[in-house]
Amino acid sequence: MNGGTADIDPPGFGSKALLIGIGNNGRADDGLGWAFLDRVQQEMDFPGQLEYRYQLQVEDAELISRADRVVFVDSYQGDLPGGFQWTPCEPVADVEFTSHVLPPGAILQLCRDLYGKSPPANLLLIQGRSWGLHTGLSADAGRHLGRAVQFLGETLSA
């Protein structure tokens with residue numbers, strides 16, 4: 001979904017839902033995943049679990065295996081209509097594993113392979129503009145973050 005314009009699956013956000021914010025708030029807009037979780041915590045009665053990550057790791061497969069639904073939230077370098085994008089996230093088997101970057105699909109595949117579970121998952125990308133070594137979001141990222149938080153709020157109340 002781009003900018004809140006496409007149909008979405010039924011929410012299914014209960015106590016075993018998991019939001020994983022990925023990023024680094026010391027690198028400006030790279031901290032959008034964390035900022036999203038902060039806003040959800042402040043503004044919503046989210047029933048599930050919030051997890052902050054600098055990057056996804058193999059161990060996250062075990063965490064995901066206990067969830068009924070997973071949403072990965074990360075920043076995005078590039079243009080997204082409306083400033084954010086909500087898409088299904090599927091297990092991906094043909095990913096090269098390194099010690100530095102594991103994409104959400106690879107973690108889902110590990111979860112399936114190791115624990116026999118594959119919870120429904122989505123990827124929420126939020127468009128950023130600034131990637132320097134400082135805290136705080138750019139004005140554009142702040143607006144995009146607001147739209148993404150509003151989208152989740154509407155999704156939860158649907």
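How many nonpolar, polar and charged residues are in the lining of the largest pocket?

## The largest pocket

The lining of the largest pocket consists of nine nonpolar, four polar and two charged residues. These values, like the others in this report, refer to a predicted model.

The space in this pocket comes to about 260 Å³. Its lining is formed by 15 residues, and those nearest the centre are Ile-22, Tyr-54, Gln-55, Asp-74 and Val-101.

## The chain as a whole

The chain contains four helices and five strands. Read from the N terminus, these elements follow the order β-α-β-α-β-β-α-β-α.

Of the 158 residues in the chain, 44% count as buried. When contacts between residues at least 6 apart in sequence are considered, 76% of them join residues at least 24 apart.

Ala-28 belongs to the loop that runs between strand β1, residues 17–22, and helix α1, residues 32–43. Its phi angle is near 55°, which is a positive value in a residue other than glycine. Most residues other than glycine have a negative phi.

Is Ala-28 buried or exposed? Ala-28 counts as buried because its relative accessible area is 1%, and the cut-off for that class is under 20%.

## Gly-128 in strand β5

Strand β5 covers residues 121–128, and Gly-128 lies in this strand. The relative accessibility of Gly-128 is 4%, so this glycine is also assigned to the buried class.

Which residues does Gly-128 touch, leaving aside those up to four places away in sequence? Gly-128 is in contact with Asp-29, Leu-32, Tyr-76 and Ala-141. A further relation concerns Phe-84, which is 44 residues from Gly-128 along the chain; the C-alpha atoms of Phe-84 and Gly-128 are separated by 9.3 Å.

## Aromatic rings

The structure holds five aromatic pairs. Through ring pairs, Trp-34, Tyr-52 and Tyr-54 are linked into a cluster. Tyr-54 is also one of the residues that lie nearest the centre of the largest pocket.

Methods
Residues are numbered from 1 along each chain as its sequence is written. This is a predicted model: local features need pLDDT of at least 70, side-chain atom pairs count only at pLDDT 80 or more; totals for chains, interfaces and linings use all residues. Side-chain values use heavy atoms; hydrogens and water are left out. On a 1 Å grid over the protein atoms alone, a cavity is a set of points where a 1.4 Å probe fits but cannot get out, and a pocket is an open set with protein on both sides within 12 Å along at least five of seven lines; lining residues have an atom within 4 Å of a point. Grid points are joined across faces, edges and corners, and a volume is the space filled by probe spheres set on the points. Ala, Val, Leu, Ile, Met, Phe, Trp, Tyr, Cys and Pro count as nonpolar, Asp, Glu, Lys and Arg as charged, and the others, Gly among them, as polar. Helices (H or I, at least four residues) and strands (E, at least two) are DSSP runs, numbered from the N terminus. Buried means under 20% relative accessible area, exposed over 50%, partly exposed in between (1.4 Å probe, protein chains only). Contact means heavy atoms within 4.5 Å. Rings of Phe, Tyr and Trp (its six-membered ring) pair if their centres lie within 6.5 Å; planes under 30 degrees apart count as stacked, over 60 as edge-to-face and the rest as tilted.
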